[in-house]
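Please prepare a short briefing on the structure shown below.

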Amino acid sequence: MSVIRPFKGLRPVENMVEEFSCPPYDVLEEEEVKEIVSKHPNSFLRVTRAEVEFNEDIDPHSEVVYKKAKENLDKFKETGVLMEEEKPALYLYRETWQGHSQTGIFATFSVDEYQKGLIKKHELTRQDKEDDRTKHIMILEAQTGPVFLTFKSKEEIKDLINKGIEAARKIYDFTDEKEVHHELWVLTDEELIEKLQKAFKSVEALYIADGHHRAAAASRTKEILKSKNPAHTGNEEYNFFMAVVFPHDELKILDYNRVVKDLNGLNDEEFMKKVEEKFEISEAPESPYKPKSRHEFGMYINKKWYVLKAKPEIVNENDPVEQLDVYILQNYLLDPILGIENPRKDPRIHFLGGIRGVKALEDWIDGKNWKVAFSMYPTSIEELMAVADDNKTMPPKSTWFEPKLRSGLLIHEI
């Protein structure tokens, strides 16, 4: 059973949404943040990346930065850039990119369900990133970025979303700098909201697709505020976190590719011989090479593309993690041959999201004089859910969802 709950969104007035909304806080480099804010002084990045207001040597996790974020949020409210919805609503959200659409629901979800494992994880979180998001929520008294959720698709819910779009008022309709078309509707029809809530009661579990740190921070915030509130009832806004939930069959996961700086002391011939022990190697039929099926990898070395196929003995189809291509590459090549034991921390490996294309691997290797690149077959959403259902975690950098959720369309005040 899954609880989906309307809320009074704090949101940009309609004529400000394009300038105000922005990419997620964690996908932009410092220079990109500066460039966007210089072009758009009313950008929400002044709240999600408030360090842009200071000199470069400021620690982005210092108290003064969080306080500046709060000050900027308050100013956006005072100057009329932001308004609060008159009554609680569900928001229907559609993103369209390169001919692909995904339509979901912006709502608030139960922290309690997350803590009980009914909202399932597939990724480990880092303490420093959790601390950052928790401080951000506590000082702003608001959740500024949505968690990205999915559920096993049900036609009944899709039909209700479509009926909701017909009954709702469209408030935003624009195309962003990445050519993603965003549409958002406010649904206040109580009968339809009740029908959606009832339909979600038959959804056994929700899955975090992206935003594990935001969900963990919402959980920590709830515990802090609950301990400070002797009159706690469980209905306070801090008991819920903002998210967008999409049917699983509408999501698009792209490949998440790897580039490696050196061959860990091996010469080319030694390296290829070691790879051959666990993988069949053949010359790629085209260049650059994008794998055509699971357990197949493209490998670029010395300006040439090869196809690697995992030998059957290294694939364990009975384990949801060990059957993943990211696991196979890590455990049978990157770690034992190239010495990359911890891909989260090793500076000799870098990851390139599939949105950049496979040619970006060649450009990285040739341009930076690195040694070898691997193109991956995308992890499927079904594989992700199988890992979460088994209470396991995926290896780092397993999934790249596209399009990303836009920040600043809605804010949840707690």
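The points below are grouped by topic.

This is a predicted model, in which local features need pLDDT of at least 70 and side-chain atom pairs count only at pLDDT 80 or more, while totals for chains, interfaces and linings use all residues. Residues are numbered from 1 along each chain as its sequence is written, and side-chain values use heavy atoms, with hydrogens and water left out. Helices (H or I, at least four residues) and strands (E, at least two) are DSSP runs, numbered from the N terminus. Buried stands for under 20% relative accessible area, exposed for over 50%, and partly exposed for values in between (1.4 Å probe, protein chains only).

- Leu333 is in contact (heavy atoms within 4.5 Å) with Phe271, Val275, Phe279, Leu308, Ile328, Leu338 and Phe374, leaving aside residues up to four places away in sequence.
- In soluble globular proteins, nonpolar side chains tend to be buried together.

- Strand β11 (residues 240-247) is largely enclosed by the rest of the structure, because eight of its eight residues are buried.
- In a regular strand the side chains alternate between the two faces of the sheet.
- On one side of β11, Phe240, Met242, Val244 and Phe246 are buried; on the other, Phe241, Ala243, Val245 and Pro247 are buried.
- Strand β4 (residues 100-110) pairs with β11 (pairing requires at least two DSSP bridges between two strands) in the antiparallel sense over six bridges, and Phe109 stands opposite Phe241 of β11.
- Strand β7 (residues 147-151) pairs with β11 in the parallel sense over five bridges, with Val147 as the bridge partner of Ala243.

**Strand β16 and its partners**

- Five of the seven residues of strand β16 (residues 304-310) are buried, and the strand is mostly covered.
- Strand β14 (residues 279-283) runs antiparallel to β16 and is joined to it by five bridges; Phe279 stands opposite Ala310.
- Strand β15 (residues 296-301) also runs antiparallel to β16, joined by six bridges, and here Tyr300 stands opposite Trp305.
- β15 and β16 form a hairpin with two residues between them; in the turn, Asn302 has a positive phi of about 50°.

**Aromatic rings**

- The structure holds 15 aromatic pairs, where rings of Phe, Tyr and Trp (its six-membered ring) pair if their centres lie within 6.5 Å, and planes under 30 degrees apart count as stacked, over 60 as edge-to-face and the rest as tilted.
- Phe148 and Phe401 form a tilted pair, 5.2 Å centre to centre with 55° between the planes.
- This pair links distant parts of the chain, with Phe148 in strand β7 and Phe401 in strand β19 (residues 400-401), 253 residues apart.
- Phe148 counts as buried because its relative accessibility is 4%, and Phe401 counts as buried because its relative accessibility is 2%.
- Tyr256 and Trp400 form an edge-to-face pair, 5.2 Å centre to centre with 85° between the planes.
- Tyr256 lies in strand β13 (residues 256-260) and Trp400 in strand β19, 144 residues apart; both Tyr256 and Trp400 are buried.
- Tyr93, Phe106, Phe148, Phe246 and Phe401 form one aromatic cluster.

**Charges over rings**

- Lys404 lies over the face of Trp400, at 4.1 Å from the ring centre.

**Two loop aspartates**

- Asp26 is found in the loop between α1 (17-20) and α2 (30-39) and is partly exposed, with a relative accessible area of 39%.
- Asp319 lies in the loop between β16 and α11 and is buried, with a relative accessible area of 12%.
- A polar atom of the Asp319 side chain lies 2.8 Å from the backbone nitrogen of Val321.

Technical notes
A charge sits over a ring if NZ of Lys or CZ of Arg is within 6 Å of the ring centre and within 35 degrees of the ring normal. A polar contact is a pair of N or O atoms within 3.5 Å; within protein, one must be able to donate a hydrogen and the other to accept it, and residues adjacent in sequence count only if both atoms are side-chain atoms.
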